[in-house]
Amino acid sequence: EHVTLLAATEMAPQAFRYGSAWGVQFHPEITVGMFDTWLGDWRNSEEGRNFLAEAGDLPARLRDEIARRQPDNYTNFRRLMGDFVAAIEAPGKETT
């Protein structure tokens, strides 16, 4: 079997399928609230504080982008999960 690339950015592959296995290199379920929880967790650990100290404005830019894209992310996440369920229910059938 071969790996089927499902999505990529200019930086790296982001989603793939290998046989019946699917993998993603991102969090399709992300929300602003979830990201804020991560920020809080990072602020409460030495490793997280080190990351934030080196990250500059990256966390703020990521949060802004998540907020801007959240409605589309929700729609795309539901589609991804729908395709996943369809693949489970009908193995071997191509999904959209």
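Which residues is Ile-30 in contact with, leaving aside its neighbours within four places in sequence? Select Ile-30 and look for Phe-35, Trp-38, Ile-66 and Asn-73. Contact here means heavy atoms within 4.5 Å.

Before moving on, some ground rules. This is a predicted model: local features need pLDDT of at least 70, side-chain atom pairs count only at pLDDT 80 or more, and totals for chains, interfaces and linings use all residues. Residues are numbered from 1 along each chain as its sequence is written, and side-chain values use heavy atoms, with hydrogens and water left out.

Stop 1: Buried means under 20% relative accessible area, exposed over 50%, and partly exposed in between (1.4 Å probe, protein chains only). Helices (H or I, at least four residues) and strands (E, at least two) are DSSP runs, numbered from the N terminus.

**Stop 2: two helices.** Now show helix 1 with helix 2 (residues 46-55). Their axes come within 6 Å and cross at roughly 110°. Axes are lines fitted to C-alpha atoms, for helices over the stretch in contact, and angles run from 0 to 180 degrees between N-to-C directions. The two helices are therefore roughly perpendicular, a label for angles of 65 to 115 degrees. On helix 1, pick Leu-39, Trp-42 and Arg-43; on helix 2, pick Gly-48, Arg-49, Phe-51 and Leu-52. These residues make the contact.

**Stop 3: the rings.** Select Phe-35, Trp-38, Trp-42 and Phe-51, a cluster linked by ring pairs. Rings of Phe, Tyr and Trp (its six-membered ring) pair if their centres lie within 6.5 Å. There are three aromatic pairs by this rule. Zoom in on Trp-42 and Phe-51: the ring centres are 5.1 Å apart and the planes stand at 65°, so this pair is edge-to-face, the term for planes over 60 degrees apart. Trp-42 is partly exposed at 25% relative accessible area. Phe-51 is also partly exposed, at 36%.

Stop 4: Three strands make an open, antiparallel sheet in the order 1-2-3. Strands pair if DSSP finds at least two bridges between them. Strand 1 (3-8) and strand 3 (21-24) each have a single partner strand, so one side of each lacks a neighbour in the sheet. Five bridges join strand 1 to strand 2 (residues 13-18). Finish at Ala-8, which stands opposite Pro-13 in strand 2.

Technical notes. Rings of Phe, Tyr and Trp (its six-membered ring) pair if their centres lie within 6.5 Å; planes under 30 degrees apart count as stacked, over 60 as edge-to-face and the rest as tilted. Angles under 35 degrees count as roughly parallel, over 145 as roughly antiparallel, 65 to 115 as roughly perpendicular and the rest as oblique.
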